[in-house]
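Here's a quick briefing to keep open beside the viewer. Have a look at the model first, then work through the notes by topic.

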Amino acid sequence: MIKFTIFIFVFALVTLSFPLNAKETIVITGSSTIAPTLLDLAKLYEAKNKGVRIDVQTGGSSRGVADVRKDLAKIGMVSRALKADEKDLHAFTFATDGIAIIVHKTNSVSELTKEQIVDIYKGSITNWKVLGGADQKIVVVNKAEGRSTLELFIGFFGLKNSQIKADIVIGDNEQGIKTVSTNKNSIGYVSIGTAEYNASVGVPLKLLNFQGKSAKVENIKNGTYPLTRELNLITKLKPSGSIEGFIKFVLSPESTHVIKDHFFVPAY
Amino acid sequence: MYQLTKKNKDFILESVLTINGLFSAIAVGLIFIFVTRESLPAIHLKGWAFFIDKSWYPLEGQFNVLPMIAGTIFVSLGALILASPLGLFSAIFISFYAHGSLAWPFRRVVELYAGLPSVIFGFWGLMKLVPMLNEIRPPGQSLLAGILILALMIFPIITLNLMANFRPSSKKYYRVALSLGMRKSTYIWSILLPSLKQQIVGAMILALGRAMGETMAVLMVCGNIVKMPTSIFDPIRTLTANIALEMAYAMNEHRSALFFTGLILFLLIFVLISVADFWRRHESWKE
């Protein structure tokens, strides 16, 4: 009996330790916008490639760049285009993040300029009448801090969150859709994928044209809609081995449904 | 086999109860320790800034939690003020005035209310109540919306609690009071309610605790703006909503600051219960 127990114990130890030793770890750091998507993709990839473990950490796009340069991470996540002094790195754009400005369907305003949006969010325009709409107070809907859509929005319009005079702060995209579709005087912004889907199934929403371009996933794909940013994976050297394998997986059609689940527009 | 005598039946019951009691006490203790430990970095880093910063903009290093403490207190106290009479009168109505055929469905409706998930209240509030309030005074998502929704959610707690207390108390006094020639209303106001003062306050405390901890419904109807409200039409953000809104994306000091808001909520409820307990002891000592 004792012999058998020892045998089982040793057997378990040996079998359990083999795959642990054989696992190769890929460390990925950077943008918190990309991290949740990559976490999901990493799980999928790990399930298919038992020998690889992927460790995703956040800390912002700049940390992604710095870590890759210092070899602390094999892959970096950068939620913007690479700057001129970063061109030595290898970048792989796997998706685009875009936001749509939305209002209630009955709102007669259908297009706003960059300046008008800044004025609305800073509180210098407070009535739809000024913009050609009804004589109603504008209800400004903003996102909670830490959300990537907020980051993109304030980054694009050159605002600080403390300058924004919001009436309502929302969490996720769905709450934004519900808030704007039930309030005739509101204006808000959400990921384009979500907004387009909801408008198409009859939710009373209107996606505003922005600088002459309509907010459509199609216009993100062809690059004409301006309110977007690219989502990149970066490496220091030309990727090889399992790193190349993972990047290829992220860029393949296999990963598109995960990317869409996170309301980004896949590049492939 | 082992015989269950009366004595060791008692022993078994006692041990089971002790273990259960200990377990819940330890769980609360562990949660407190965990929340405190997670909020320590923020406390070290910010200290009093939590109460004197200009506002709450974590990305810009500003972490004032006072407006959210106020928001939580206003919305739950407001809801309690509305829900208490509603709950009390419903309980009296069902227990003493409604006839059997009416009391039964009424009772079921109240029970149903008590069991509805908060997200349903929140959803209804967002889709129906908020647009109506928006007609009166934009933006509609406001302290008032939160108070109304929370009042609806907590009044059944008060009703059910009091109904359970009315029954034994009535058995004792009701017939005696009637045989003394008292009217039903005299009995209720002069005998029943004064004798149940502690239980009524107990039910209110329970309801208040529920209101303070509510997250989803208030997050959907209160507007979540971090600002001291100046009227009931102003939007507010509660401590719970703050955590739910930002936790998923928070890092480092921001994350720690959110744990700190959780710690404050913990302490608020602790103080509330201690005060209520103190009052109850004081009352029973008077008797």
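Predicted model: local features only at pLDDT ≥ 70, side-chain atom pairs only at ≥ 80, totals over all residues.

Over all chains, the aromatic pairs number 26.

**The largest pocket**

- Two elements give two or more residues to the lining: strand 6 (139-143) of chain A and strand 1 (56-57) of chain B.
- Strand 6 of chain A supplies the largest share of that lining, at 3 residues.
- By residue class, the lining of the largest pocket splits into 19 nonpolar, 7 polar and 11 charged.

**The second largest pocket**

- Helix 11 of chain B gives the most, with 3 residues.

**Aromatic rings and charges over them**

- The total is 26 aromatic pairs over all chains. One of them joins F89(B) and W189(B): the ring centres are 6.5 Å apart and the planes meet at 70°, so this pair is edge-to-face, for which the planes must be over 60 degrees apart.
- F89(B) belongs to helix 3 (residues 66-97) of chain B and W189(B) to helix 7 (residues 184-195) of chain B, so the contact ties together parts 100 residues apart in sequence.
- F89(B) has 47% relative accessibility, so it counts as partly exposed.
- Over in chain A, ring pairs link Y121(A), F153(A), F156(A), F157(A), Y189(A), F210(A) and Y225(A) into a cluster.
- F156(A), a member of that cluster, also has a lysine over its ring: the charged end of K114(A) sits 4.7 Å from the ring centre.
- Chain B has a charge over a ring too, with the charged end of K184(B) over Y97(B), 4.6 Å from the centre of the ring.

- The peptide bond from P138(B) to P139(B) is cis, with omega near 5°. P139(B) is in the loop that runs between helix 5 (118-136) and helix 6 (143-179) of chain B.
- D71(A) isn't a glycine, yet its phi is positive, at about 65°. D71(A) is found in the loop between helix 3 and strand 3 (75-78) of chain A, and it is exposed, with a relative accessible area of 52%.
- F263(A) is another non-glycine residue with a positive phi, near 65°. F263(A) sits in the loop between helix 10 and strand 12 (265-266) of chain A, and at 33% relative accessible area it is partly exposed.

**S252(A), a buried loop residue**

- S252(A) is in the loop between helix 9 (241-251) and helix 10 (256-261) of chain A. Its relative accessibility is 14%, so it counts as buried.
- A polar atom of the S252(A) side chain lies 2.7 Å from the backbone oxygen of F249(A).
- From S252(A) to L205(A) is 47 residues in sequence and 33 Å in space, C-alpha to C-alpha.

**Helix 6 of chain A**

- In helix 6 (residues 173-181) of chain A, 7 of the 9 residues are buried, so this helix is largely enclosed by the rest of the structure.
- The buried ones are N173(A), Q175(A), G176(A), I177(A), T179(A), V180(A) and S181(A).

**Chain B overall**

- Chain B has 11 helices and 2 strands, in the order α-α-β-β-α-α-α-α-α-α-α-α-α along the sequence.
- Its C-alpha trace spans about 70 × 65 × 40 Å along the principal axes.
- Of the 287 residues of chain B, 45% count as buried.

Definitions and conventions: Residues numbered from 1 in each chain as written. Chains lettered and ligands numbered in written order. Heavy atoms only, no water. Helix = DSSP H or I, 4+ residues; strand = E, 2+ residues; numbered from the N terminus. Nonpolar A, V, L, I, M, F, W, Y, C, P; charged D, E, K, R; others polar. Buried < 20%, exposed > 50% of the residue type's maximum accessible area, 1.4 Å probe, protein only. Polar contact = N/O pair within 3.5 Å; in protein donor to acceptor, adjacent residues only side chain to side chain. Phe/Tyr/Trp six-rings, centres within 6.5 Å; stacked < 30°, edge-to-face > 60°. Lys NZ or Arg CZ within 6 Å of the ring centre and 35° of its normal.
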